[in-house]
Amino acid sequence: MAVSSAFSFLSDRKRPIAVAVVLFIVLSSLFLLLSPAPSALPFFSSPSSHLSSSETSIPASSDASPPEAPTSLASDGVSSRTTADPVPVSADAPLPTTTTAVASDGVFSSTADPPRPDAAAAAGDSEADVPSPDHAPPTPPVEVEGSGSAGNNETTTGVSGERDGEWQGGGGGGAVEEPVELPSWELCEVGKGVMAADYIPCLDNVGAIKALKSLRHMEHRERHCPEPRPRCLVPLPERYRRPVPWPLSRDMIWYNNVPHPKLVEYKKDQNWVRKSGNYFVFPGGGTQFKNGVTAYIRFIQQILPNIQWGIHTRTVLDVGCGVASFGGYLLDRNVITMSLAPKDEHEAQIQFALERGIPAFLAVIGTQKLPFPDNSFDVIHCARCRVHWYADGGKPLLELNRVLRPGGYYIWSATPVYRKDQRDVDDWKAMVALTKSICWRTVVKSRDINKIGVVIYQKPTSNSCYIDRKNNEPPLCSEDDGSRSPWYTPLDSCLFPAVSSSGGGNSWPISWPERLNMKHTTTSNNSSIQFSQEKIDSDTNHWKDLVSEVYLNEFAVNWSSVRNVMDMNAGFGGFAASLIHQPLWVMNVVPVDQPDTLPIIFNRGLIGLYHDWCESFNTYPRTYDLLHMSYLLGPLTKRCHIIEVAAEIDRILRPGRWFVLQDTIEVIRKMEPILRSLHYRTTIVRHQFLVAAKGFWRPDSTGSQS
């Protein structure tokens with residue numbers, strides 16, 4: 001009645017319209033009063049609205065800055081999930097200053113200043129200057145409307161916004177996704193004598209190693225993967241912090257990140273590494289580098305000018321690399337080195353190398369082939385690597401011959417080359433006989449000013465020498481000798497020919513950097529698949545455009561702090577090639593169940609290896625800044641559980657760094673809640689990229705070793 005009288009001045013025809021307007025206003029007001037706060041609605045989201053009070057509280061410091069992975073807002077209005085613990089900020093280890101910018105499609109990206117050199121202070125800092133540990137007790141994940149809280153022992157249907165069917169192309173009616181059962185994460189239980197913070201499941205399988213019948217051929221340093229596959233997390237070392245940025249890290253790293261002083265004492269007279277205050281310092285010395293590694297590299301160039309570091313020679317395998325100073329300083333000459341050593345009594349040498357930002361990998365030449373294709377490396381180097389190359393019928397040297405490119409060089413810097421005691425003389429005679437039998441030509445034998453001897457051999461470029469040998473020992477391998485795949489394959493007792501029966505693919509590549517985009521058609525070593533140049537070029541252009549337009553511009557990744565990168569499904573190496581001008585390096589992994597493209601990667605002047613991602617990778621925990629996986633997770637999880645894959649990703653990735661998954665939205669749905677259960681910050685970009693930032697959270701909330 002009141003409404004009618006209020007509108008009595010209106011005509012009968014207009015009165016119903018006015019009443020409808022008033023009713024709409026009243027109902028709208030009631031709806032807003034009863035609705036959630038605007039911050040809970042996706043279209044009102046902002047980066048700050050997803051941060052807990054502890055996340056927005058940063059220690060007072062002029063250098064303090066927000067975490068490196070700000071919350072993003074996708075172009076479709078779906079907010080990113082911010083469920084991880086805050087990445088702690090330490091006053092004396094400042095982070096890059098981060099600002100938030102909106103990309104063209106509405107995605108928030110981070111624009112960061114490069115890491116400041118003073119993040120690594122003078123090496124003489126006292127112990128009192130070391131900040132408090134860079135990890136704190138976890139805070140509960142922030143719940144975001146529509147995505148679930150994703151705490152331990154919970155289930156979730158996936159990313160926010162999916163329930164209305166938008167991921168199925170709009171309009172609803174999509175298939176119902178089965179809930180993902182999230183694990184209750186626990187720290188890994190390791191065997192006696194294994195440091196929990198350094199746990200490598202396939203190399204630290206104490207039970208399998210104890211059961212070995214023989215250790216004569218380094219069987220205990222080879223892979224023995226546990227069953228069931230691990231679904232646990234590796235703890236952080238006490239007082240762990242973000243690594244010293246590159247290029248400072250080549251010469252100094254935080255002591256607490258790799259707290260292994262044994263090598264300092266063991267190699268104190270050889271200038272490998274020194275402890276200075278809060279740091280390990282790497283002077284560039286070595287057992288064979290009396291005047292430093294730079295002088296040693298110059299010496300090799302002088303005695304073998306044709307080596308042409310960074311032009312003719314691009315890829316190097318350094319066997320028994322120590323702390324990888326040889327490979328680290330070759331980077332200055334545009335040479336990429338795969339530094340290789342076993343996990344042995346030389347405590348954590350590969351961990352030192354990777355913490356420094358130098359490519360490195362754990363492996364031993366024991367009873368099985370190295371995970372590299374035939375004819376891969378331009379140069380192989382061994383400085384006092386303590387391998388008995390002539391043992392077991394010469395199988396170790398035959399393995400080097402297999403992975404050395406025809407026309408490539410083997411640089412052997414060892415005591416048998418220049419010492420005259422009986423053991424060294426006997427070793428030298430055995431090496432002379434073996435290298436002659438496999439047709440390696442002695443190019444130069446020389447000593448430097450410190451009387452350190454070096455001999456350089458060259459592998460032949462044709463099979464004529466093999467055919468002309470009086471004794472067919474070792475015999476040439478035939479095509480009937482089995483698969484050329486090196487994954488869990490015994491060492492050859494036969495000699496891999498310089499040129500295959502097909503006759504193609506073994507010519508020396510063109511000079512670097514033109515080699516990166518070399519024109520050729522190649523056949524896989526392990527199959528009859530042939531890859532056309534058109535296919536390779538198309539892949540190169542695809543990744544070049546995608547990385548420049550999306551990865552470097554739209555992802556909340558601080559690329560200036562990225563040094564060690566792994567492409568977990570590398571294809572032709574296009575992702576690595578697109579990043580070639582960035583101050584980083586890429587380990588290109590070709591899964592064993594994917595097409596064998598690794599020979600192409602090496603021909604392009606990049607490095608990589610074979611691996612099965614249902615198993616642990618041969619690296620220490622916390623050794624990569626960015627892991628990249630493109631369209632692999634779906635087929636992979638048909639053979640192993642997604643929880644196991646996530647646990648391995650977490651083991652390898654450094655705290656405060658990133659995992660990037662490119663895949664279908666169905667696959668992203670499965671992985672995203674698992675990463676959030678690990679307290680990762682996650683963002684979905686363009687409905688096909690999941691960008692996840694790892695925090696410092698551990699189940700025990702302390703990060704201490706167990």
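**Strand β23**

For my notes, buried means under 20% relative accessible area, exposed over 50% and partly exposed in between, with a 1.4 Å probe and protein chains only. Strands here are DSSP runs of E with at least two residues, helices are runs of H or I with at least four, and both are numbered from the N terminus.

This is a predicted model, in which local features need pLDDT of at least 70, side-chain atom pairs count only at pLDDT 80 or more, and totals for chains, interfaces and linings use all residues. Residues are numbered from 1 along each chain as its sequence is written, and side-chain values use heavy atoms, with hydrogens and water left out.

Which residues cover the two faces of β23? I noted R681, T683 and V685 on one side and T682 and I684 on the other, all buried.

**Its partner**

Next I checked the pairing, where two strands pair if DSSP finds at least two bridges between them. β23 runs antiparallel to β24 (residues 689–693), and five bridges join them. R681 sits opposite A693 of β24. The two strands make a hairpin with three residues between them, and R686 in the turn has a positive phi of about 60°.

**Disulfides**

I then searched the whole structure for disulfides (cysteine sulfur atoms within 2.5 Å) and got six. In sequence order, the bonded cysteines of the chain pair as 1-4, 2-3, 5-6, 7-8, 9-10, 11-12.

C188 and C232 have their sulfurs 2.0 Å apart. C188 is in the loop between β5 (180–181) and α4 (206–210), and C232 in the loop between α4 and β6 (252–254), so this bond ties together parts that are 44 residues apart in sequence. The S-S torsion is about 95°, so I logged this disulfide as right-handed. Both C188 and C232 are buried.

C477 is joined to C494, S to S 2.0 Å. Each lies in the loop between α12 (464–468) and β16 (522–523), so the parts tied together are 17 residues apart in sequence.

Is the link of C614 and C640 left-handed or right-handed? With -80° about the S-S bond, I put it down as left-handed. The sulfur atoms of C614 and C640 are 2.1 Å apart, and both residues are buried.

Last, I checked C321, which counts as buried at 9% relative accessibility.
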